[in-house]
Amino acid sequence: MREVRTEGIICVKDKAGFEYELSRIEYIEREDETFEYIFMPNYNVIDLLPNNIFQGIPGLNLDLRKERYVRENMTPVFISERTPSEHREDVWELLAMYDMEYLNRLEWLIRTDMSYSGDPMYVKRYIPEEYRVEVDLSDKVKKEKNYSKVMCSMLIEICKGNDLLVDGVKITDENRKEMHSVLMTIYEKAIRDVKSRQQAGINKAKKEGKYKGRVPIEIDVVKMDEVFSNFNKRMISEAEAIKRLGVSKSTFYRRLKKYNNTVD
């Protein structure tokens with residue numbers, strides 16, 4: 001029997017911007033119209049996260065620590081609460097936005113960058129050769145003089161769930177949580193020190209009358225009105241709106257809030 005498989009990775013980011021690969025998710029769709037969703041959690045990555053960032057994957061009892069959670073011929077809560085249903089009036093317009101010919105809800109989650117209000121989790125595409133691999137950072141660490149960048153490179157791999165090799169020292173699931181805690185503490189202190197020095201420099205410049213602050217980014221009013229209007233109507237995605245305006249994500253939402261308050 002013919003079947004189509006779609007594979008993704010459920011992720012979340014912490015306050016420092018590190019991405020944690022929480023679980024593989026696979027959707028199998030068969031020609032007889034039966035289907036199943038399979039979740040394969042990475043508990044050694046999940047265990048790194050505090051409750052204020054990750055409270056679980058909706059619809060799954062992760063306390064059972066199962067290797068696989070299977071949902072046959074039913075759409076899991078994780079999928080249903082953050083994707084459009086086939087009965088939604090504008091579903092074809094939404095699919096067209098992401099160049100999709102029919103509603104594959106996992107594929108839609110992978111392609112879209114629309115955020116879900118219930119939690120910060122999102123899904124990216126699963127690439128086998130990049131998933132749970134061993135990464136050797138020994139040469140990079142030796143060449144890098146910036147200590148915080150070294151910590152950052154190591155933490156990126158640890159949070160993904162990759163095994164890490166640095167100058168003969170190996171970080172695996174056996175010591176992942178311990179090394180994550182140690183490196184994160186060191187990294188956060190390094191970042192605080194950098195920000196403290198930057199603030200000291202700003203304060204000094206202010207006293208000397210040399211600091212003028214950040215200059216607001218100029219955005220064409222007509223263009224801004226069009227982009228924000230289309231974004232609010234879900235005619236364009238977050239990424240497309242930000243690209244058209246040429247601003248950062250934080251600037252985009254700051255201006256959007258101001259725009260919506262004005263319109264209301």
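This note sets out numbered points on the predicted model shown above.

1. Basis of the values. Residues are numbered from 1 along each chain as its sequence is written.

2. Overall content. The protein has 10 helices and eight strands; helices (H or I, at least four residues) and strands (E, at least two) are DSSP runs numbered from the N terminus. Along the principal axes, the C-alpha atoms fill a box of roughly 75 × 60 × 30 Å. Of the 264 residues, 40% are buried, where buried means under 20% relative accessible area, exposed over 50%, and partly exposed in between, with a 1.4 Å probe and protein chains only. Among contacts (heavy atoms within 4.5 Å) with a separation of 6 or more, 58% join residues 24 or more positions apart.

3. The five-strand sheet. An open sheet with antiparallel pairing has the strand order β4-β3-β2-β1-β5; two strands pair if DSSP finds at least two bridges between them. Because β4 (69-72) and β5 (122-125) each have a single partner strand, one side of each edge strand is left without a neighbour in the sheet. The twist averages 25° from one strand to the next; axes are lines fitted to C-alpha atoms, for helices over the stretch in contact, and angles run from 0 to 180 degrees between N-to-C directions. Four bridges join β3 (residues 35-41) to β4 in the antiparallel sense, and F39 stands opposite Y69 in β4.

4. The three-strand sheet. A second open sheet has the order β6-β7-β8 and mixed pairing. Its edge strands, β6 and β8, each pair on one side only. Neighbouring strands in this sheet are turned by 20° against each other on average, direction ignored. The pairing of β6 (residues 134-136) with β7 is parallel and has three bridges, with D136 opposite L165 in β7. Between β7 and β8 (residues 169-171) there are also three bridges, here antiparallel. In β8, I171 is the bridge partner of L164, and V169 stands opposite V166.

5. Helix α6 and N162. Helix α6 (residues 147-160) lies across β6, β7 and β8 and runs at about 155° to β7. In the loop between α6 and β7 is N162. Is N162 buried or exposed? N162 counts as buried because its relative accessibility is 2%. Residues up to four places away in sequence aside, N162 touches E130, Y131, R132, V133, V135, E157, I171 and R176. The C-alpha atoms of N162 and D225 are 44 Å apart in space, with 63 residues of sequence separation.

6. Helix α8 and its partner. Helix α8 (residues 221-232) has 12 residues and reaches 16 Å from its first C-alpha to its last, close to the 16 Å expected at 1.5 Å a residue; the expected span is 1.5 Å times one less than the number of residues. Buried residues in α8 are M224, V227, F228, S229, N230 and F231. The axes of α8 and α9 (residues 238-245) come within 10 Å and cross at roughly 180°. The two helices are therefore roughly antiparallel, given that angles under 35 degrees count as roughly parallel, over 145 as roughly antiparallel, 65 to 115 as roughly perpendicular and the rest as oblique. On the α8 side, K223, M224, V227, F228, N230 and F231 meet E238, A241, R244 and L245 of α9. This contact has six nonpolar, one polar and three charged residues; Ala, Val, Leu, Ile, Met, Phe, Trp, Tyr, Cys and Pro count as nonpolar, Asp, Glu, Lys and Arg as charged, and the others, Gly among them, as polar. Just after α8, R234 takes a positive phi of about 60°.

7. An exposed helix residue. A96 lies in α3 (residues 91-97). A96 is exposed because its relative accessible area is 55%. From C-alpha to C-alpha, A96 and E29 are 21 Å apart in space and 67 residues apart in sequence.

Notes: This is a predicted model: local features need pLDDT of at least 70, side-chain atom pairs count only at pLDDT 80 or more; totals for chains, interfaces and linings use all residues. Side-chain values use heavy atoms; hydrogens and water are left out.
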